[in-house]
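Dear colleague,

I am handing over to you the structure shown below, together with an account of what was found in it. Please read the notes with the structure open beside them.

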Amino acid sequence: MVQATNLGFPRIGAQRETKKIVEAFWAGKATEQAIDEAAIKLRAENWALQKAQGLSQIPSGDFSFYDHVLDHSVMFNVIPQRFRHLADGHKRNFAIGRGIQKPATETQPKVDLEAQEMKKWFDTNYHYIVPEFENNQSFHLGQKIKTLDEFNEAKALGIHTRPVVLGPLTFLLLGKTAKNSHGLDLISLLPKVLPVYEELFAKLAHAGADWIQVDEPILALDLAPQVVARFQETYARLTAAAPSLKFLIATYFGRIGDNVSFIKNSGVAGLHVDLVRNPEQLESVLANLSSTQVLSLGLVDGRNIWKTNLANALKIAEVAVKAIGTERVFVAPSCSLLHAPVTLRFEKRLASKNAELFDWLAYSEEKCKELHILAQALNNGVESVQAELADNARSIEARRTSAHTTNSAVRERLEAIVPDQLRRRSVFPERQQTQHKALPLPEFPTTTIGSFPQTKEIRLARAKFTKGEIDAAAYHEFIKKEIAYCVEEQEKLKLDVLVHGEAERNDMVAYFGERLEGYIFSENGWIASYGSRCVRPPIIFGDVHRVNPMTITETVYAQSLTSKPMKGMLTGPVTCLQWSFVRDDIPRSVVCTQLALAIRDEVVDLEKAGIVHIQVDEPAIREGLPLRSVDFDLQWAVDAFLLSTTGVKDETVIHTHMCYSDFQDIFQAIRRMDADVLTIENSKSDMRILGAFSTHGYNAEIGPGVFDIHSPRVPSIQEMKERADAMLQYIPRRNLWINPDCGLKTRGWKEVRESLTNLVAVAEALRATSA
Ligand code: MET
Ligand SMILES: [Zn+2]
């Protein structure tokens with residue numbers, strides 16, 4: 001029988017219960033016992049729900065208060081030295097995730113424990129806590145063994161689950177060497193960690209587990225053959241040590257490719273692959289299985305919110321069933337449902353006000369149901385679920401033919417794009433001369449990245465406006481005052497290129513989404529981002545286009561208050577795409593081009609309104625890249641940026657901004673973006689990127705951040721001057737801008753004022769030195 005299975009259920013709760021209780025705990029308003037009770041209740045509900053939807057293999061051990069990679073590290077006793085004096089428990093886990101800072105008191109010295117590093121989980125917007133390994137790293141299970149405890153917890157409720165464990169190779173290779181250790185080859189820790197895995201698996205087997213899911217997502221990356229060989233040895237050893245367990249190796253977010261070669265002789269009972277991202281890999285994967293191994297088909301998109309086209313999914317599944325039989329096939333989501341919202345049950349506004357669109361959606365609960373229908377159809381024939389399949393087909397067809405997803409004017413405009421629309425009129429060196437002549441700036445111009453502090457007052461006013469407690473006129477009056485304040489402060493600070501401060505924006509993507517056609521917003525489509533933080537990505541469901549100008553009023557008002565240039569501030573097409581749930585019925589590149597045309601119109605309108613400096617932010621430019629280097633292709637992403645920014649005269653200065661990603665390996669793409677000024681986060685990358693810029697001959701203007709905006713510390717003139725001096729090793733004087741790393745919205749005004757006073761002093765000091 002084909003089994004309907006799941007790889008992981010969202011842990012945030014249908015009403016973000018986990019976030020609420022964890023934050024109450026941090027605020028001292030909930031006890032450890034209270035958060036444990038809340039978690040027990042939520043896990044029980046999640047298991048019951050998955051069972052009710054008809055899944056036969058339900059995951060356990062997928063819950064986390066903060067991050068599952070952190071939980072795994074703690075379970076294996078991988079705890080950075082600086083946290084080891086703390087007692088085992090939630091408090092210590094949260095401390096590792098968030099750091100601890102306490103001022104000195106009369107009896108206690110000050111405490112300042114840096115949080116463990118956080119990184120994006122593959123190409124998702126989920127962040128994991130990077131394990132830190134030491135030279136003498138020892139591994140052992142503690143008193144509490146989370147995976148075992150949760151398996152037993154479900155068992156006590158009468159639910160037999162499939163425990164989920166992070167696999168040893170992914171665990172080690174996604175980690176890093178602790179600061180106090182050097183030259184550690186992470187994979188050399190394998191012999192030390194495997195006995196602990198064996199112990200854990202023996203305990204799970206003893207408790208009654210049969211299938212276990214071992215997540216090895218690094219199998220979707222480029223791996224050296226030596227590493228693939230280690231997979232084979234590792235799993236041969238682990239499976240031999242736990243003969244009663246059936247191992248399912250789970251990969252996702254990309255194709256397994258040649259890495260699949262180890263599977264056949266590894267002793268594992270099955271493999272899960274992502275067939276939403278890479279349906280084409282089915283045949284080669286089937287060909288690489290032994291005659292008994294199970295294939296878990298990732299057919300339901302775990303990263304999106306749309307109903308699955310069940311007829312299409314069935315076609316793929318039938319190929320697998322035909323090749324290896326129903327006993328050896330599982331159906332599953334493409335990846336853990338961690339990356340999808342929980343349930344449509346609370347999406348009340350969409351259900352009542354936008355029934356058409358609501359009918360196209362499936363969150364995690366509904367996706368479980370889809371898996372059940374697929375399994376039924378495969379086991380008992382399509383007739384057994386005829387009504388369900390017909391309803392799905394109707395819904396898919398309704399979406400395909402909806403008058404609301406297609407806009408012929410937008411399609412025609414896309415068709416009519418010509419290469420000249422992707423080119424500035426002159427090349428950069430000529431533009432630079434024109435720009436410097438038309439609007440001279442001092443040497444080492446100073447600017448900021450766009451946002452200024454989002455104060456309590458601003459958030460309160462926005463909340464009141466949303467609830468209808470104040471009207472639009474009053475809210476806009478309030479925003480105008482904020483803009484005026486922000487401009488006045490920047491004048492006082494003597495910055496050279498000013499910004500309006502983005503007070504009117506809650507979020508740099510949602511702000512534009514709310515003003516464009518083709519977008520919709522859910523009420524409850526939350527997904528985990530990091531720690532207790534959840535995000536609710538906007539939904540792009542139809543052809544995107546701009547109806548009215550989106551930023552002109554605020555920017556022109558801000559410009560009217562000063563004789564300094566005011567920089568217009570827009571979010572770029574690639575970032576709008578990456579940080580939304582995107583329709584899956586047309587290629588992402590097409591959606592991105594539509595976004596680009598909308599931004600292009602705004603850029604042109606800003607220019608018409610007299611704005612000379614225009615910044616188009618692309619912090620997410622790199623995020624859409626496939627996981628494997630051979631697949632790297634930023635062609636359409638860069639084209640979209642060009643399309644959005646090249647509709648202007650040579651005199652207009654196009655800025656872009658990027659942050660918090662590795663940019664070295666996309667250097668050529670950055671150059672092709674052809675921006676006049678690039679402000680780029682630099683504090684974390686230690687000038688490495690600047691080396692790349694000079695060796696590859698980047699000739700445009702550039703402002704590598706001189707201070708880290710994530711820290712409340714005020715950077716001194718000296719330290720920023722040293723950074724700027726170091727930059728001058730790579731960047732010619734006339735091309736260097738002085739600015740922070742990123743926007744200042746999370747900071748307070750006092751630190752911002754002090755930091756920027758010092759920043760301006762750095763530029764003045766540089767100007768005083770001769771060329
Ligand atoms: C994550 S990049 C943020 C850029 C935006 N203009 C800001 O200053 O907030
Ligand atoms: Zn940024």
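**Strand β12 and its neighbours**

Strand β12 is joined by five bridges to strand β13 (residues 294–300), and the two run parallel. Please bear in mind throughout that this is a predicted model. Within this pairing, Gly-270 has Val-294 as its bridge partner in β13. Between the two strands the chain passes through helix α9 (residues 282–287), and this β-α-β crossover from β12 to β13 is right-handed.

Strand β11 (residues 246–250) is also parallel to β12, and three bridges join them. There, Ala-250 stands opposite His-272 of β12.

β12 itself covers residues 270–274, and five of its five residues are buried. In general, side chains in a regular strand alternate between the two faces of the sheet. In β12, Gly-270, His-272 and Asp-274 point one way, Leu-271 and Val-273 point the other way, and all are buried.

Leu-271 counts as buried because it has 25 C-beta neighbours inside 10 Å. Which residues is Leu-271 in contact with, leaving aside its neighbours within four places in sequence? They are Ile-249, Ile-263, Val-285, Leu-289, Gln-293, Leu-295 and Ser-296. Glu-365, by contrast, is 94 residues from Leu-271 in sequence and lies 24 Å from it in space, C-alpha to C-alpha.

**Strand β19**

Strand β19 (residues 567–571) is largely enclosed by the rest of the structure, because five of its five residues are buried. Lys-567, Met-569 and Thr-571 lie on one side of β19, with Gly-568 and Leu-570 on the other, and both faces are covered. Five bridges connect β19 with strand β21 (residues 613–617), to which it runs parallel. In this pairing Lys-567 is opposite His-613 of β21.

**Helix α2**

Helix α2 (residues 32–52) comprises 21 residues. From its first C-alpha to its last it reaches 30 Å, close to the 30 Å expected at 1.5 Å a residue. Its buried residues are Ala-38, Ala-39, Arg-43, Asn-46, Trp-47 and Gln-50. Seen down the axis of α2, the buried residues fall within an arc of 160°, and therefore they line one face of the helix.

What covers these buried residues of α2? The covering elements include α1 (17–26), β2 (58–60), α5 (146–156), β8 (161–166) and α13 (364–380). On the face of α2 turned away from its buried side are the exposed residues Gln-33 and Ala-52. After α2 comes Gly-54, which has a positive phi, near 95°.

An open sheet is formed by three strands in the order β15-β18-β20, with mixed pairing. The strands at its edges are β15 (516–520) and β20 (581–582), each of which pairs on one side only. β15 pairs with strand β18 (residues 539–546) in the antiparallel sense, over four bridges. Glu-517 has His-545 of β18 opposite it. Helix α22 (residues 588–608) packs on this sheet and touches β15, β18 and β20. The direction of α22 makes about 40° with that of β18.

With kind regards

Notes:
Residues are numbered from 1 along each chain as its sequence is written. Chains are lettered from A and ligands numbered from 1 in the order in which they are written. This is a predicted model: local features need pLDDT of at least 70, side-chain atom pairs count only at pLDDT 80 or more; totals for chains, interfaces and linings use all residues. Two strands pair if DSSP finds at least two bridges between them. Two residues are in contact if their C-beta atoms, placed from the backbone, lie within 7 Å. Axes are lines fitted to C-alpha atoms, for helices over the stretch in contact, and angles run from 0 to 180 degrees between N-to-C directions. The expected span of a helix is 1.5 Å times one less than its number of residues. A residue is buried if 20 or more other C-beta atoms lie within 10 Å of its own, exposed if 12 or fewer, and partly exposed in between; C-beta atoms are placed from the backbone. The arc is that of the directions from the helix axis to the C-beta atoms. A crossover is right-handed if, with the strands pointing away from the viewer, the path from the first strand over the helix to the second runs clockwise.
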